[in-house]
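Hi there,

Here is the structure I promised to pass on.

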Amino acid sequence: MYGGGNTFEGIKSDELTGEDPIKLAEFEARIERGEKIEPSDWMPKLYRKQLIRMIEQHAHSEIIGALPEGTWITRAPGFKRKMALMAKVQDEVGHGQLLYSAAETLGKSREEMIDDLINGKSKYSNIFNYPTFTWADCCFISWLVDAGAIVNQLANAKGSYGPYCRALDRICAEESFHLKYGHHCVIYLASGTQTQRDMFQEALNRWWPPMMHFFGPSDKISVHTEILMKWKVKMGTNDDMRNQFLDMYVPKIWELGFTIPDPNLKKNTETGRWEYTEPDWEEFKRVINGDGPCNKERLEVRRIAEERGRWVREALRTPKTAYVTPLA
Amino acid sequence: MNQEAIKELLYKMADDQLILGHRNSEWTGFGPLLEEDIAFSSMAQDKVGHSLALYTILNDLGEQDPDTIAFTRNADQFHNTVLTELPNAEYDFSLIRHFLYDTAEALRFEMLSHSSFEPLALVATKVRGELRYHTMHANTWVKQLGAATEESIGRLQQSLELALPYALGIFEPSPYESDLIKEAIFEGEKALEEKWKKKVEEVIAQTQLHLPKWETIAPHYGGRTGKHTEYLQPLLDEMSEVFKIDPTAEW
């Protein structure tokens, strides 16, 4: 449930030329009526391209996102946490599998998508390029990064592409358990010893800037995506999503007695919007383009896993005996 | 009932499940394909859950609470068989270990579901149902990869030969063997080993792998009495890294 903060490319003015105007009008009317678009339906090339890009980024975010938390499975303190964290990270890998399948319905294979991830052609959520130094960092992700992703995913589940929406419905149901687990972990740190409280405060200090980046660049500087909003590919602006997250979670963080490292953070009671120090978008760009603290390590892990597993995948494609479904 | 005999049996089973569960969980994020990543993670959860159920019985018999037992002992206080503590290495070794180990555990829990020690019989009845899926998974993959490409057959053969002496270590004779049999708590390691050999032969015969003659394999014993390889202590240090920051804290 790590998706969110998708980056969209600017759309060139000629990308819709060549589309049949009658089919395009029918397509847009269907979306307007709230119908879902299915894999065999007609769709503009641009819609297909943008959806593949978005679902693929989301799938990559799930499997790369499994790494910073996954490294804490072997260190989780006590049976309760160890079992819950294993189950949670397993869910995330399962979401990756579900999303790759959804993207495959648009014509790009899982292998191609993973190749593009490894060679840097396609992106994943920027937040996973930051390191998890302590158990509290892992708890931050389970609670607040998952919370941010849920904000995005609940919105996207109302989008127009059937297979993606159905995958998101299932993902959101599981995510709600992750959120409870993460919140529970943080409550224990908050009500624990001074060491535990300090651990989480330090994690909050480290993770707040990437968390603000998570929803993508400010609407003032992000590329224009009106057509994607009209086609219900993108379901809300980055600033709307960020504001919704702050509205839901800042009070909960404060309630636990922690300090959010932004002295300008406050809710404007007149507008109902949150005000905050503008995140450093130069850093965001730097990290998304490969120069973050963990980009190389994350992709290297993925590359090694792919290479070490190649003989297994090849052996699956070369069965010498007929496969028989085992009886349960 | 002979409490010492029961405790010895419970400790070695619980430690086996915990340590192999921990190793399986290390595949999370690194599997050769997503489906296998997920499968190993599922089995890890089951195994760690089984260890918790067994440590809970020990706790009822007067031992410390499960978290303390699992997260504060040193390697020489663990009774797992050495097979479970070896590093995951490549997928072929992890798969062969999973096959050899779970074949034995499925049989063990099946036998224990008839144990005269009721708390164990109850847990075993539940666990044997879950282990059916573990053996089904192992058998499916061993049959598939053990008869596919030259590379997959070669890798599995090599791992099989490497793992077999350690697998025989699962059945290291227990000083309480005759007590356990006499009181109908457990049919014993010897009986389990014989059943296990038949099952392993049955599956390997459906592949292009070659099983060495049993009498040529020297069992690697020691794990049951706390004699471990250099791999166990670092695993335990990692497992307890956060817990030991403050063992009295609640996490």
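Below is what I found, beginning with the conventions.

This is a predicted model, in which local features need pLDDT of at least 70 and side-chain atom pairs count only at pLDDT 80 or more, while totals for chains, interfaces and linings use all residues. Residues are numbered from 1 along each chain as its sequence is written, and chains are lettered from A and ligands numbered from 1 in the order in which they are written.

Chain B has 10 helices and zero strands (DSSP runs numbered from the N terminus: H or I of at least four residues for helices, E of at least two for strands). Its radius of gyration is 18 Å, close to the 18 Å that the globule rule gives for 251 residues, so chain B is as compact as a globular protein of that length (the radius is taken over C-alpha atoms, and the rule is 2.2 Å times the number of residues to the power 0.38). Along the principal axes, the C-alpha atoms of chain B fill a box of roughly 55 × 45 × 30 Å.

Now to where the chains meet. On chain A, 41 residues are in contact with 46 residues of chain B (contact means C-beta atoms, placed from the backbone, within 7 Å). H3(A) gives the most to the side of chain A that touches chain B, with 12 residues. That side divides into 20 nonpolar, 14 polar and seven charged residues (Ala, Val, Leu, Ile, Met, Phe, Trp, Tyr, Cys and Pro count as nonpolar, Asp, Glu, Lys and Arg as charged, and the others, Gly among them, as polar).

Best wishes

Methods. Contact = placed C-beta atoms within 7 Å.
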